[in-house]
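The structure is shown first.

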Amino acid sequence: MTAAPADLLGHEPSTSRSLSTRTTALTCMGALLVVVSVLSVFVGSGDIPVGEAWRAIWHHDGSTNAEIIRSTRLPRTLLGITVGAAMGIAGALMQALTRNPLADPGILGVNAGAYFAMVVGFAVLGATTTAGNVLFAMAGAFVSAALVHVVGSRGRGAGPATLVLTGVAVSCVFTGVAFGMTMVDPKAFDAIRGWQVGSLQKDHGSDLLVSTTPWIVVGILLALALTGFLNAIALGDDRARALGVPVTGVRTVGFVAMTFMCGAGTAAVGPITFLGLMVPHAVRAVVGPDQRWIIPACALAAPVLFLGADVIGRVLLETELPVGMITAFIGAPVLIHLVRTRGVREL
């Protein structure tokens with residue numbers, strides 16, 4: 001049975017998941033985020049007592065341990081929360097707008113475009129400031145996303161498999177050219193090598209937070225403003241227009257939101273793959289297909305996975321393994337599973 005227009009645009013769709021179930025799920029995700037955030041601040045390679053770490057958060061006594069907490073671990077945790085939420089929401093928004101269950105900022109080349117633009121800005125134009133990196137990254141994310149959509153939409157249309165293959169091709173081109181530029185420019189290589197694998201270990205985490213958080217917050221707010229239209233777009237463009245949804249405007253605003261989130265997130269921590277793919281699917285299994293619940297749930301669940309991967313990389317494995325490598329290890333099998341089970345079906 002087809003849902004009524006009011007159900008799709010303003011009221012709760014009829015699903016098997018009750019309001020209390022979804023509220024409980026979001027509450028649990030929020031609690032997990034608090035727990036993982038505490039672990040990220042209090043646990044690390046340095047042996048700092050919990051009580052001393054707690055005091056250092058509120059009072060800087062000038063000690064080495066307090067400096068580690070306030071200048072390294074705390075900014076690292078906050079950066080993981082903001083970038084994780086941005087990547088998770090960007091993935092969910094991308095999947096909803098393209099009706100492609102395999103959409104992800106990393107897979108579709110958006111993060112690679114941001115990386116390429118940052119390398120060009122540094123190696124060619126001499127842009128070395130954090131603010132400059134953010135602007136170049138957002139420009140690269142925008143160009144890459146537009147290129148993938150235009151090329152992937154030719155012929156029979158932007159099917160899931162076509163967009164993924166196009167995104168992988170564009171990503172390989174941008175990444176290969178960027179690697180080549182860094183190899184012939186030693187200064188660019190030294191500046192980029194610790195960033196290109198995706199890591200929360202930054203020397204100037206506080207500066208990155210100040211420069212990237214406003215862009216990410218704007219992108220998240222834009223995404224939240226679109227949630228009332230995304231359920232209708234899932235039915236197809238023609239039916240969405242019949243329900244009064246301004247499809248072109250919604251896609252344009254969503255495009256801008258993804259550019260802000262992916263560009264700023266990539267500029268902050270480097271290219272992160274699979275996070276925007278895994279989280280929306282896991283969240284959808286818990287809260288159902290309603291985008292008004294999926295987007296907020298991704299804002300909570302994605303930082304949990306992102307910070308958890310970071311803690312695993314620096315504590316459980318007893319080494320500073322970049323978080324981008326951990327998410328890739330987890331995400332690659334998830335992608336294979338999705339391709340085998342539902343890769344060619346629309347959401």
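At what angle do helix H2 and helix H12 pack, and how far apart are their axes?

## Helix pair H2 and H12

Helix H2 (residues 19-42) packs on helix H12 (residues 275-287) at about 140 degrees, and their axes lie 9 Å apart. H2 is therefore oblique to H12, as angles under 35 degrees count as roughly parallel, over 145 as roughly antiparallel, 65 to 115 as roughly perpendicular and the rest as oblique.

H2 contributes Arg22, Ala25, Leu26 and Met29 to the contact, and H12 contributes Val283, Val286 and Val287 (contact means heavy atoms within 4.5 Å). These residues divide into 6 nonpolar, no polar and 1 charged.

## Basis of the model

This is a predicted model, in which local features need pLDDT of at least 70 and side-chain atom pairs count only at pLDDT 80 or more, while totals for chains, interfaces and linings use all residues. Residues are numbered from 1 along each chain as its sequence is written, and side-chain values use heavy atoms, leaving out hydrogens and water.

## Overall fold

The protein has 14 helices and 0 strands (DSSP runs of H or I with at least four residues, and of E with at least two). Of its 347 residues, 49% are buried, meaning under 20% relative accessible area with a 1.4 Å probe, protein chains only.

## Cysteines

The whole structure contains 0 disulfides (pairs of cysteine sulfur atoms within 2.5 Å). Cys28 is partly exposed because its relative accessibility is 41%, between the buried limit and the 50% above which a residue counts as exposed. Cys172, at 52%, counts as exposed.

How values were computed: Axes are lines fitted to C-alpha atoms, for helices over the stretch in contact, and angles run from 0 to 180 degrees between N-to-C directions. Ala, Val, Leu, Ile, Met, Phe, Trp, Tyr, Cys and Pro count as nonpolar, Asp, Glu, Lys and Arg as charged, and the others, Gly among them, as polar.
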